[in-house]
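Me: I am new to this structure. Can you show me how to read its features, step by step?

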Amino acid sequence: MERSGFRTIYWLVVAVAVLLTAAIFGFFYAWVCSTMWGLGNADPRVAIAAMQAMNESVRNAVFFPAFFLTPVALALAALLSRRLGLHASSRFFFAAAMVYLFGGLLLTVTVNVPMNEDLAVVAVPQDVADAEQIWSNYSGKWQLWNAVRMTASGTALLLAFGGVRAAAASSIRRESHA
């Protein structure tokens, strides 16, 4: 493939990687700063039922790319950066892929999803005190791990921006020497 065509594909992959990383960061961030606070202010019976419904609905084609393909896109950006000789950029993208893979995706699969599955089989109690006990046992731990996912995905986004910056700086240096 011609070098300029490869660079076009490279920048497209980089754009997709940054977009997916930003999307998943925004998803986890919204849970931190609005969704869980709103549910915490609701009747705990409503909070349980709403969380069950949201956890069921999140398994969809719109969520899939940001959640599952972010580390793939970041790793691909790292590989393409390396192929172009953009070693600093490659390191940033690789670090972003690893941070999100372990601190976002795998954490979700091993911690938050099992908690969600446990909550999914709970019958919402009629008694408010019983519901409050269920919600308080679930919500605090879930929010702690969500904050970790948010922090990891935000860190991955910053690292991805570092990759973009390093690639752009290298491109500018190469053009000025041409």
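Reply: Start with the idea of a core. A nonpolar core is a set of buried Ala, Val, Leu, Ile, Met, Phe, Trp, Tyr and Cys residues joined through side-chain atoms within 4.5 Å. Keep in mind that this model is predicted.

Me: Which residues touch the most other members of the largest nonpolar core?

Reply: They are Tyr-10, Ile-24, Phe-67, Leu-74, Phe-93 and Tyr-100, in a core of 29 residues. Elements giving two or more residues to this core are α1 (3–41), α3 (63–68), α4 (70–83), α5 and α6 (128–177). Helix α1 gives the largest share, 9 residues.

Me: Which residues does Tyr-100 contact, beyond its neighbours within four places in sequence?

Reply: Among them are Ile-24, Phe-28, Phe-67, Pro-71 and Ala-156. There is also a second, separate core of 14 residues, including Trp-31, Met-36, Val-111 and Met-115.

Me: Now a single residue. Is Ser-89 buried or exposed?

Reply: Buried means under 20% relative accessible area. Ser-89 has 1%, so it is buried. Its place is in helix α5, residues 87–120. A polar atom of the Ser-89 side chain lies 2.8 Å from the backbone oxygen of Gly-163. Leaving aside neighbours within four places in sequence, Ser-89 also contacts Tyr-10, one of several such residues.

Me: How many helices and strands does the protein chain have?

Reply: It has 6 helices and 0 strands. The radius of gyration is 20 Å, well over the 16 Å that the globule rule gives for 178 residues, so the chain is more spread out than a compact globule. Its C-alpha atoms fill a box of roughly 75 × 25 × 20 Å along the principal axes.

Methods:
Residues numbered from 1 in each chain as written. Predicted model: local features only at pLDDT ≥ 70, side-chain atom pairs only at ≥ 80, totals over all residues. Heavy atoms only, no water. Helix = DSSP H or I, 4+ residues; strand = E, 2+ residues; numbered from the N terminus. Buried < 20%, exposed > 50% of the residue type's maximum accessible area, 1.4 Å probe, protein only. Polar contact = N/O pair within 3.5 Å; in protein donor to acceptor, adjacent residues only side chain to side chain. Contact = heavy atoms within 4.5 Å. Rg over C-alpha atoms; globule rule 2.2 N^0.38 Å.
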